[in-house]
Amino acid sequence: MRKISYILLIVGLLLSSCRKDELIFVSDSSAVSIPVQLENIQGFYLLNEGNMGMNRATLDWFDYETGLYTRDIFAERNPAIPRELGDVGNDLKIYGTKAYATINASNFIEVFDVATGKHIKQIHVPNCRYLAFADGKVYVSSFSGKIETNPNAEIGFVAEIDTIALQVRRKVEVGYQPEEMAIRGNKLYVANSGGYREPHYDTTVSVVDLLTFTEIKKIEVAPNLHRMQVDRRGDIYVSSRGNYKDIPPNLYVIDSAVDEVRQKLDIPVSNMTLDEDQLYYYASAYQASTNTNEVSLGILDTNTKQIIRPSLSTDGTEKKILMPYGIAVNPETKEIFVTDAQDYIGSGYIYCFSSKGELKWKTMAGNIPAHLAFTNR
């Protein structure tokens, strides 16, 4: 035991010396599941957002073959980077052999190697938000201006990045404070929020032609749009956060064949993920009358547009989740992952449920755990 502690101390000192006396947190692991070898999936990365201004964005890793969940691997694997991962990790996705993380308040996209977790490049995009991919290109939404509530906040844009050169090639103006995006055919759909311009929220989805990279239409939907998914038939699901007063949050369906809203589903959605024909979602809303946070989770059948399960867990575990923040489904095992941000100050948790909703494991993550990205074998 003394020998192991001595080695860890020496490693920590060596890493710290590379950072010019900056503190580096050495990763730590927990055995959370029985080791298993899946056919296609190796594991997943989890991006913890971290509180704004604290430079607390961190990266965790879960490996199915070892059953180990490892916290805070980025700093350890990249000791020469002086800023840790950055300030507010807003999105994480994998495309090919590279992973891309938008570090919102640090104004860059961190690109790292999927196999090793090692830094490749930082791409400057101001106030970057969410990612989408198609035909060797990365698309990133940007609020454009600085982080502030401002009735005259700038209009946002989407940047197109070449995945070989890792450089911004084109930009297109969309709506105010654009959030998540979805791609169907040669069209990019962008959910515009207008969040900085409260109470004058944006209410539109921008449709961008990917060939000419121009906005060809704005679809009128609802105020303060946020999340977006597209199913196999081309139906696009977009969530509205409402105006926090007399317009409640809701989920809308856009028909991509005609680029018009087809249906309002009367389901509040804070976050969602799509797997085959099932849309997994949660909603979280503060109730001032009771000083509590009202949480709801469920699964929607995208064929019928009906809720097929009004909860994600079948054993009551989800009632212990204080603040659901991230949601993902393993496309091979159909396991459901939900993160809990708790009080947004300390460390959060990640829960793993079976496809039937039974708790398989739970472990501590980082500060505001949020975005999962599965890696292939």
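# Exercises on strands and charged pairs

In β28, Cys 352 has Trp 361 as its bridge partner. Strands (E, at least two residues) and helices (H or I, at least four) are DSSP runs, numbered from the N terminus. The model is predicted: local features need pLDDT of at least 70, side-chain atom pairs count only at pLDDT 80 or more, and totals for chains, interfaces and linings use all residues. Residues are numbered from 1 along each chain as its sequence is written, and side-chain values use heavy atoms, with hydrogens and water left out.

**Exercise 1. State how confident the predictor is in this protein, and find the stretch where pLDDT stays under 50.**

Step 1. pLDDT is the predictor's confidence in each residue, from 0 to 100. Its average over the protein is 91. A score of at least 70 is reached by 91% of the residues.

Step 2. Residues 1–22 stay under 50. For this stretch the model has 18 contacts (heavy atoms within 4.5 Å) beyond four places in sequence.

**Exercise 2. Give the strand order of the open sheet that contains β25, and name its edge strands.**

Step 1. Two strands pair if DSSP finds at least two bridges between them. In general, strands of a sheet pair through backbone hydrogen bonds, either parallel or antiparallel.

Step 2. The order is β25-β26-β27-β28, an open sheet of 4 strands with antiparallel pairing. β25 (324–329) and β28 (359–367) are the edges; each has a single partner strand, so one side of each lacks a neighbour in the sheet.

Step 3. Direction ignored, neighbouring strands are turned by 20° against each other on average. For such angles, axes are lines fitted to C-alpha atoms (for helices over the stretch in contact), and angles run from 0 to 180 degrees between N-to-C directions.

**Exercise 3. Is Cys 352 buried or exposed, and how many disulfides does the structure have?**

Step 1. Buried means under 20% relative accessible area, exposed over 50%, and partly exposed in between (1.4 Å probe, protein chains only).

Step 2. Cys 352 has 0% relative accessibility, so this residue is buried. Cys 128 is also buried, at 0%.

Step 3. Strand β27 (residues 347–353) has 5 of its 7 residues buried, so the rest of the structure largely encloses this strand.

Step 4. A disulfide is a pair of cysteine sulfur atoms within 2.5 Å. The count comes to 0.

**Exercise 4. How many salt bridges does the structure hold, and which parts of the sequence does the pair Arg 377 and Glu 65 tie together?**

Step 1. Side chains of opposite charge can pair when their charged atoms come close. A salt bridge is a side-chain nitrogen of Lys or Arg within 4 Å of a carboxyl oxygen of Asp or Glu. The structure holds 18 of them.

Step 2. Arg 377 and Glu 65 meet in one, at 2.0 Å from N to O. Arg 377 lies in the segment after β29 (369–376) and Glu 65 in the loop between β3 (58–63) and β4 (68–71), so parts 312 residues apart in sequence are tied together.

Step 3. Arg 377 is partly exposed at 46% relative accessibility, and Glu 65 is partly exposed at 32%.

**Exercise 5. Describe the salt bridge of Arg 232 with Asp 277 and the network around the pair.**

Step 1. The closest N and O atoms of Arg 232 and Asp 277 are 2.7 Å apart. Arg 232 lies in the loop between β17 (225–230) and β18, and Asp 277 in the loop between β21 (271–275) and β22 (278–287), so the pair links parts 45 residues apart in sequence.

Step 2. Arg 232 counts as exposed, at 53% relative accessibility.

Step 3. Salt bridges with shared partners join Asp 231, Arg 232, Arg 233 and Asp 277 into one network.
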